[in-house]
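Biologist: I would like to learn how to read a model like this one, feature by feature. Could you walk me through it?

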Amino acid sequence: MDLSMLWYLVPSVIMFAAGVYGFVTRKNMIALLISLELMLNSADLNFVVFNRFLFPGSMEGMVFTLFAIAIAAAETAIAIAIIVNIYRAVGNTDINSVKKMKY
Amino acid sequence: MDITLPILILALPFTMFLILGIGGVKMSRKLAGVLGICGNGALLAMAYTVAFTYFFSGNPEFIADGIRQQVQLFDVTWLAFTERMVVNIGFLLDPISAMMLIVITTISFMVHLYSWGYMEHEPGFQRYYAFLSLFTFSMLGLVVATNIFQMYIFWELVGVSSYLLIGFFYKLPSAVSASKKAFIVTRFADLFMLIGILVLSYFVAQTPADGPLGGASAFNFLMLNSESSNVLASTIGATFLGGSVLTWAMILIFVGGMGKSAMMPLHIWLPDAMEGPTPVSALIHAATMVVAGVYLVARFFPLYLIVPDSLTFITVVGAITAFYAAVVACCQIDIKRILAFSTISQIAFMMVSLGVARPELHDGLGYMASMFHLFTHAMFKALLFLGAGALIHAVHSNNYTEMGGMRKYMPITHWTFLIGCLAIAGIFPLSGFWSKDEMLSAMYANNWIWGAWMTMVAGLTAFYMFRMYFRVFWWEENPHYKEHRPHDAPWQMSLPLIFLAIVSIFSGFIPFGEFVTWNREPYHIHIEMQVAVTSIVVALIAIAFAGWLYLKKNDKPARMKAALPGLWTAANRRFYWDEIYMFVTHKIIFNGICKAIAWFDRHIIDGTMDALAAMTQFFSVRIKGMQNGSVQTYVLWYFFGAVLLAVITWICLL
């Protein structure tokens, strides 16, 4: 069956909205990180979809997505390292317990 | 003439400057001194060769039909900005530049030799010799300049070397301020000279581009002077404040000369310049650099003749300065200051003599007399300064109050100093008599007022010189001599004194008119008995008066001072010129104009910037609460912002 672009974009939007909602409402930093990954993956999905449907002859969107996934992996590693360090310092992973980085 | 020697004359002192300036720190004093003296001796020999070849060889290149020629031995393009704005560097040989070559190298050599003894124990001996070489280079470059720009460049260079040498004892605050004063005052005068050159360049631009003043020769002295009578004279049309613009240009150029030659009211730097080492005063501030102004007027003389008003201006400035400086010299205590004011007065004499010169009066005698006096004055004034240096070296003070009765202790200094005093007083048959007589004849020929006025100044000259002479060498012995017995200087210092004394006696017999005249044709000097007798009688009366006052210790000078305390103090304080300058600069310029400008800068310019910063700070304090440390709040703000942008974009696209 022939799938139109919309079949891909609607799940992407849902993923992105879930990510935003999760990022704003959850208190656990790990949950925040997961929400972040959701948003990132929805963006990656968009790249691939637009590349596939609008510019089938070129490969930029695909390559860029691979690139973004690689960077996301590294970034996740750093984020988890930071979270582990915060846990050691304050004893929990509540986002509201680290509010000292301000004016 | 082969151009090797002329190039070497400029290159050698500059090379010496580089060698002594860069390598001086690694040299011993003796090596630096010997290098400096030998280099200068070679320079002396070369300059004499060139000058004597010019005057005596009879080569048709130099003298044709009895007229001495102006020869450009070389003239190369140095900077070409536009087609008509070209700066050349060259070597112009004509009577006055050849004469100056002799004067500069002679005095410079004598001073190099003398300094070997005088500066022996001073720190920075090598630096001193480097600066002397720099000065010699600049002065030679100035006198052989082929065009205005070359002259202007070297004009500033002599100013710089004068500044460096006045401030040689840079640990003394007085020397530092004197050097700054000298530089600022002469530089201020040079500003007017530059304006004059620019005005002149306007006239040059009016002449056809393919004419005599086109291309690279736009500012060439030969072209300006020879063609000026028909090319530039025809362009005199516009007038400004009662004088033609060319008159103003020539007066402005002369103002530059006023600064260098210490004419009133720009004389204030020269007495302070005496803070430099005494041999420097002899070389720069008596014999060579300060006569650059006279040389400048002589160089432009044909142009000045087109506009005689400017010559009258020069005469008036010179006459006032000569009298003023002579009066001030009568009331100074520092012997170098007496000589400094004497120098101002004598240079003013030369200026008056140039100012009264007209071709129709005695064949332009004033020009020849002025150059003659420049020559003889350089010799005897250098002698007097070097003699004063020997005195200062012996008693370690500049003031005559520390001296007295020195004739027994320093016979060589005494006799040479006496010769110098007699020469400057104009006593027959010493050199000063001949040149002063020619100048006075020229002044009487122009107008008896100038003659009478300057005869009076000549009398004052004799008085103040012999006042100093009697006070230093006669009067009463200073009791301090018992503890510290003064004695004659070493041979390096005595030899120049003796040589210059001999020159001062005999140089008057040089038939100067055969060599240097305004139109370069020979002029046969003859003594005008009336003028000569008058000036000798006036000088003798002045000397007798000085002797009556100062030969033996007595209270007559003190009583005279007490009788006219106001006049004495005023003259001693140089008629308050320095105070007037201080008042004008500090009270009027600094307090009035500069304060207003400073207020504008501080309040308007700075205020605008301060207000911008204050506004930024004001708003940042108000909104800094938004940065509360909660990452989720930031994300919300960001999200709403992005949505807002999206909505705006959507609305726009509708």
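Modeller: Gladly, and let's begin with chain A, whose radius of gyration is 17 Å, while a compact globule of 103 residues would have one near 13 Å. That radius is taken over C-alpha atoms, and the globule rule is 2.2 Å times the number of residues to the power 0.38. Along the principal axes, the C-alpha atoms of chain A fill a box of roughly 50 × 30 × 25 Å. This is a predicted model, in which local features need pLDDT of at least 70 and side-chain atom pairs count only at pLDDT 80 or more, while totals for chains, interfaces and linings use all residues. Residues are numbered from 1 along each chain as its sequence is written, with chains lettered from A and ligands numbered from 1 in the order in which they are written.

Biologist: How many helices and strands does the secondary structure of chain A come to?

Modeller: Three helices and zero strands, in the pattern α-α-α along the sequence. Helices (H or I, at least four residues) and strands (E, at least two) are DSSP runs, numbered from the N terminus.

Biologist: How do I describe two packed helices?

Modeller: Two packed helices are described by the angle between their axes and the distance between the axes. Here, helix 17 (residues 411-425) of chain B and helix 19 (residues 448-473) of chain B pack at about 165°, with axes 9 Å apart. The axes are lines fitted to C-alpha atoms over the stretch in contact, and angles run from 0 to 180 degrees between N-to-C directions. Helix 17 of chain B and helix 19 of chain B are therefore roughly antiparallel, a label for angles over 145 degrees.

Biologist: Which residues of helix 17 of chain B and helix 19 of chain B make the contact?

Modeller: Among them are Phe417(B) and Leu418(B) of helix 17 of chain B, and Met465(B) and Phe466(B) of helix 19 of chain B. Contact requires C-beta atoms, placed from the backbone, within 7 Å.

Biologist: What about helix 15 of chain B and helix 19 of chain B?

Modeller: The axes of helix 15 (residues 335-356) of chain B and helix 19 of chain B come within 11 Å and cross at roughly 160°. That makes helix 15 of chain B roughly antiparallel to helix 19 of chain B.

Biologist: And how do I read strands?

Modeller: In a regular strand the side chains alternate between the two faces of the sheet. In chain B, strand 3 (residues 71-80) and strand 4 (residues 86-93) pair in the antiparallel sense over eight bridges; pairing takes at least two bridges found by DSSP. Strand 3 and strand 4 of chain B form a hairpin with five residues between them, and Ala80(B) has Val86(B) as its bridge partner.

Technical notes: Angles under 35 degrees count as roughly parallel, over 145 as roughly antiparallel, 65 to 115 as roughly perpendicular and the rest as oblique. Two residues are in contact if their C-beta atoms, placed from the backbone, lie within 7 Å.
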